[in-house]
Amino acid sequence: PRHSRVLHKAARAQEPEAAAAARPAASQSKLKVYLDLGKARLSALVVATTAAGYLSAVGGTGAAFSLPVMAAACVGTSLAAGAASCFNQVVEVERDLKMHRTRTW
């Protein structure tokens, strides 16, 4: 936390104007910020493969399909994928600052 604030301040002091303009606006909704942080589009692909895997397992084994079980698996996968994305963004701040493609501020 304190270490990351220092990194953010140092990075902002060195940022070019174009990168400053790319920063999210203060008026941006919290939901949009959380979806971006959790990489919702990427997580949706992970959830889709979870659903496909569940449907294949049910079809291949002859087990009974259960919508609550599939929904729980998809929600749990979504939360885990979002948390992993958030953790990744926190852990790789220094590395992302060095990469041209990921340097946004």
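Let's begin with Arg 95, which is exposed, with a relative accessible area of 54%. (Exposed means over 50% relative accessible area, buried means under 20%, and partly exposed is in between, using a 1.4 Å probe and protein chains only.) Arg 95 forms a salt bridge with Glu 92, and their closest N and O atoms are 3.4 Å apart. A salt bridge here is a side-chain nitrogen of Lys or Arg within 4 Å of a carboxyl oxygen of Asp or Glu. Glu 92 counts as partly exposed, at 22% relative accessibility.

Before going on, a word on what you're looking at. This is a predicted model, where local features need pLDDT of at least 70 and side-chain atom pairs count only at pLDDT 80 or more, while totals for chains, interfaces and linings use all residues. Residues are numbered from 1 along each chain as its sequence is written, and side-chain values use heavy atoms, leaving out hydrogens and water.

How confident is the predictor? pLDDT is its confidence in each residue, from 0 to 100, and the chain averages 79, with 70% of the residues scoring at least 70. Helices are DSSP runs (H or I, at least four residues), numbered from the N terminus. Where pLDDT is low, the predicted coordinates should not be read in detail.

The count of salt bridges comes to two. The other pairing joins the side chains of Lys 32 and Asp 36, at 3.0 Å from N to O. Both sit in helix α3 (residues 30-37), four residues apart, or about one turn of the helix. An α-helix has 3.6 residues a turn, so residues three or four places apart point the same way. Lys 32 is partly exposed at 38% relative accessible area, and Asp 36 is partly exposed at 40%.

Now for helix α4 (residues 40-61), where you'll find Leu 55. Which residues of α4 are buried? They are Ser 43, Val 47, Ala 51, Tyr 54 and Val 58.

Notes. pLDDT is the predictor's confidence in each residue, from 0 to 100. Helices (H or I, at least four residues) and strands (E, at least two) are DSSP runs, numbered from the N terminus.
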